[in-house]
Amino acid sequence: MLFSKYDPLKKKQLQILNEKGEIVNKELEPKLDKETLVKMYKQAVLGRVADIKALQYQRQGRMLTYAPNRGHEAAQIGTAAAMAEQDWYIPGFRDFYAMLYRGVTLEQIYLYWYGNEWGSHFDEGVRVTPVNVIIGSQINHASGIAYASKLMKKNEVAVTAIGDGGTSHGEFYEGMNFAGVFNLPLVTLVQNNQYAISTPRAKATKAETLAQKAVAFGIPGIQVDGNDILAVYVAMKEAMEHARSGKGPVLVEAVTYRLGPHTTSDDPTLYREDSEVEIWEKKDPMIRFKKYMIDKGYWTEEEQKAYEEESDNYVGEVFRKVEATGEAELLDVFKYTYEEMTPQLIEQYETHKKFLEKGGK
Ligand SMILES: Cc1ncc(C[n+]2csc(CCOP(=O)(O)OP(=O)(O)O)c2C)c(N)n1
């Protein structure tokens with residue numbers, strides 16, 4: 001029902017909570033209890049604090065690199081909160097908040113960006129795969145997981161995310177098409193943050209929306225206000241129900257904005273105007289989410305202040321722990337690429353071992 005009402009070809013976009021924090025679509029407001037909303041909100045606040053601090057650590061030369069997520073809180077947490085416990089999250093490189101919500105620890109996420117691959121070794125039972133930096137590859141991994149879930153009748157939905165630029169890559173089309181043909185339980189979130197590094201969305205595709213790319217796969221697609229956590233949640237809930245009931249995949253486009261740089265190697269002032277950033281700062285997903293929580297009586301300014309302080313201290317503590325772990329072992333690169341080393345990897349491992357034994361670095 002939601003998908004036919006919000007047809008991306010008719011330029012419809014789902015919004016429930018507008019940028020002033022007002023409910024503009026009362027009948028679709030999700031009936032989330034206080035505990036869930038507070039959990040979502042606190043994860044978003046902690047995530048933002050940790051995101052800002054990661055950028056600072058990198059600038060101080062203490063973190064290898066980082067891909068900031070500020071502005072993506074609603075898109076990612078709205079998605080993660082709509083998932084069932086048994087579902088899988090297959091992330092790209094800008095999915096920090098969703099990973100955190102799904103049980104990856106802050107220490108693991110920081111370790112990864114610190115440059116230590118042990119940060120991709122998640123706890124038992126955490127259904128999140130390691131970060132995929134190769135654009136589009138996560139769609140095929142997710143399709144594969146969804147295929148396995150279907151064959152094994154496991155009732156697990158595979159949820160993955162990709163950027164606007166990523167939807168012009170071949171692997172996006174291959175993975176989505178495969179999932180469509182085989183009616184797989186896959187839900188793909190497009191985080192349309194307007195840029196693929198310096199390439200604006202309009203230069204990456206002639207399609208007016210990214211949600212309408214669903215038409216080519218014969219599956220539902222919906223565009224939502226990606227800064228509105230309620231809209232993302234509602235669309236995702238429906239998408240996951242659709243996928244879980246055997247009707248096949250869904251494509252959800254969350255229209256948002258990357259408020260920070262692409263990564264720590266990027267200078268966005270070279271390709272976008274400050275005035276554009278200012279417009280989007282006003283649409284910040286956290287401003288309206290906070291107002292919604294306060295209006296509902298679920299949160300106060302005092303709690304905000306205390307929780308920000310608590311998060312700041314916690315993040316600092318976690319990072320100090322990460323800094324104390326030092327570097328990963330070079331030989332681990334060969335050992336853990338596959339469950340067992342292939343003959344080629346064994347050869348490379350032995351060569352490098354000898355090299356290190358002779359004092360090589
Ligand atoms: C296959 C591949 N080609 C190129 C790159 C280099 N690269 C890293 S991020 C990026 C842009 C991605 O833009 P988008 O998909 O819109 O996601 P965003 O970074 O905005 O979240 C590119 C080209 C890569 N990681 N993988």
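**Pockets and ligand surroundings in the predicted model**

The largest pocket is lined by at least three residues from each of domain 1 (2-328) and domain 2 (329-361), with bounds taken from an automatic or database domain assignment. A pocket is here an open set of points on a 1 Å grid over the protein atoms alone, where a 1.4 Å probe fits, with protein on both sides within 12 Å along at least five of seven lines; lining residues have an atom within 4 Å of a point. The model is predicted, with local features requiring pLDDT of at least 70 and side-chain atom pairs pLDDT 80 or more, while totals for chains, interfaces and linings use all residues. Residues are numbered from 1 along each chain, and side-chain values use heavy atoms, without hydrogens and water.

The volume of the largest pocket is about 910 Å³, counted as the space filled by probe spheres set on the points, which are joined across faces, edges and corners. Among its 28 lining residues, Glu117, Trp118, Ser120, His121 and Tyr336 are closest to the centre.

The second largest pocket has a volume of about 320 Å³. Its lining comprises 21 residues, of which Phe93, Arg94, Ile135, Gly163 and His262 lie closest to its centre. The ligand sits in this second largest pocket, meaning that more than half of its atoms lie within 2 Å of the grid points.

Polar contacts are pairs of N or O atoms within 3.5 Å. A polar side-chain atom of His262 is 3.3 Å from a ligand oxygen atom, and a polar backbone atom of Ile135 is 3.2 Å from a ligand nitrogen atom.

Definitions and conventions. A polar contact is a pair of N or O atoms within 3.5 Å; within protein, one must be able to donate a hydrogen and the other to accept it, and residues adjacent in sequence count only if both atoms are side-chain atoms.
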